[in-house]
Amino acid sequence: MTFDGLLFFPVTPCDEEERLDLEVFRRHVRQGVEAGCGAVFACCGTGEFPSLSLRDYTACVAAAVEEAAGRVPVVAGTGYGTAMALEFAKAAQDGGASALLALPPYLVQAGQDGLRRHYEAIADGTRLPVILYQRDNAVFEPETVAALAEHPGVIGLKDGHGDLGLMRRIMEAAPPGMLYFNGLPTAELSQRGYRDLGVVRYSSAVFCFLPGLALACYRALRDGRDDVANRLIEGFYRPLVDLRGQGPGYAVSLIKAGVRLRGLDVGPVRRPLSDPSPEHLGRLAALIDRGLALLEELERSPDPA
């Protein structure tokens with residue numbers, strides 16, 4: 001698994017009572033695969049992993065695998081403490097997932113030795129390859145990543161911490177062959193810095209509701225056409241980040257709202273998050289219109305993205 005292409009983190013639809021809508025989830029995943037994603041990361045941060053029951057998680061992972069139909073890898077999130085992470089890992093393995101994204105352990109602030117033992121236990125307890133997710137209470141020293149990378153089941157690290165100096169030291173310390181991912185929210189804004197380090201893979205929440213725009217930005221950044229990327233970043237992504245800062249949890253709830261605004265009824269965001277205010281929904285709708293207009297301009301240009 002090389003995870004070539006833009007990485008798709010689907011939302012997890014539900015009704016007003018937060019009951020899973022599996023058919024809408026299937027449609028959402030199918031649309032993302034058909035649009036050209038490089039992998040499906042099901043039931044992760046954008047997919048509201050902390051709010052899913054094991055039953056709903058199991059159903060979603062199996063459905064994502066069926067809809068991907070071998071065209072792209074399906075990676076499933078796992079997390080909480082070690083015991084629960086292994087329960088979710090088993091469900092993902094039984095459902096046919098290709099790999100795991102190991103989210104930070106629940107609540108605790110652990111030292112480096114504790115983090116190492118936690119992730120080693122996950123890798124020991126599953127046949128699935130494991131991608132570490134660095135963020136919040138799981139920030140690794142380079143030596144910890146180097147030790148974990150010696151485990152045959154640990155294949156990569158997704159960085160949601162944003163310290164490029166630390167990332168450079170991690171990449172220098174870890175053995176060759178590790179995969180690295182930019183996992184910051186709205187990664188398009190930071191991707192040039194990661195690209196300069198040699199980190200070419202990133203996830204795009206915008207792909208959930210504007211896949212054409214997300215792919216245009218991805219290709220521009222990948223190919224070094226920073227003039228095109230700058231037009232999209234300044235015209236769409238930077239205002240989106242400004243809007244994201246207007247409410248707690250908007251990194252998830254804005255994305256789910258964007259999918260709804262584009263015509264797929266994925267329902268509300270799950271508790272304890274809240275949906276965007278009417279004012280912010282209006283701003284998001286205007287931003288979507290602006291993004292579509294920018295994409296149309298690019299497609300009309302002599303060198304379209």
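**Entry 1: the loop with Pro272**

I looked up Pro272 and found it in the loop between α10 (250-261) and α11 (278-300). The peptide bond that joins Arg271 to Pro272 is cis, with omega at about 10 degrees. I note here that the model is predicted.

**Entry 2: positive phi**

Ala69 is not a glycine, yet its phi is positive, at about 50 degrees. I placed Ala69 in the loop between α2 (54-68) and β3 (74-78). Tyr80 is also a residue other than glycine, and its phi is positive, near 70 degrees. I found Tyr80 in the loop between β3 and α3 (82-94).

Is Ala69 buried or exposed? Its relative accessible area is 56%, and exposed means over 50%, so I wrote down Ala69 as exposed. For Tyr80 I read a relative accessible area of 16%, so Tyr80 is buried, the limit for buried being under 20%.

**Entry 3: Val74**

I then went to Val74, which is in strand β3. Val74 has a relative accessible area of 3%, so I recorded it as buried. Which residues does Val74 touch, not counting those up to four places away in sequence? I listed Val40, Ala64, Val65, Ala68, Ala97, Ser98 and Ala99. I also looked up Val61, which is 13 residues from Val74 along the chain. The C-alpha atoms of Val74 and Val61 are separated by 8.0 Å.

**Entry 4**

I followed the strands from β3 onward. β3 pairs with β4 in the parallel sense, over four bridges. In this pairing Thr78 stands opposite Ala102 of β4. Between β3 and β4 the chain passes through α3, and I noted this β-α-β crossover as right-handed.

Strand β4 (residues 99-102) is covered on both faces. On one side I found Ala99 and Leu101, on the other Leu100 and Ala102, all buried.

β4 also runs parallel to β5, joined by three bridges. The bridge partner of Ala102 in β5 is Leu132. The chain crosses from β4 to β5 through α4, again as a right-handed β-α-β crossover.

**Entry 5: α3 against α4**

I looked at how α3 packs on helix α4 (residues 112-124). Two packed helices are described by the angle between their axes and the distance between the axes. For α3 and α4 the angle is about 25 degrees and the axes are 10 Å apart. Angles under 35 degrees count as roughly parallel, so I called α3 and α4 roughly parallel to each other. The crossing of α3 past α4 is right-handed. Which residues meet there? On α3 I noted Thr82, Ala85 and Leu86, and on α4 His118, Ala121 and Ile122.

**Entry 6: β6 and the strands beside it**

I ended with strand β6 (residues 154-159). How many of its residues are buried? I recorded six of six, so the strand is mostly covered. Five bridges join β6 to strand β5 (residues 130-134), and the two run parallel. The way from β5 to β6 goes through helix α5 (residues 142-149), in a right-handed β-α-β crossover.

β6 also pairs in the parallel sense with strand β7 (residues 179-182), over four bridges. In β7 I found Phe181 as the bridge partner of Lys158. With helix α6 (residues 164-173), β6 and β7 make a right-handed β-α-β unit.

Note on methods:
Residues numbered from 1 in each chain as written. Predicted model: local features only at pLDDT ≥ 70, side-chain atom pairs only at ≥ 80, totals over all residues. Heavy atoms only, no water. Buried < 20%, exposed > 50% of the residue type's maximum accessible area, 1.4 Å probe, protein only. Pairing = 2+ DSSP bridges. Right-handed = clockwise from strand over helix to strand, strands pointing away. Contact = heavy atoms within 4.5 Å. Axes fitted to C-alpha atoms, helices over the stretch in contact; angles between N-to-C directions. Parallel < 35°, antiparallel > 145°, perpendicular 65-115°, else oblique. Left-handed = near helix turned anticlockwise from the far one by under 90°.
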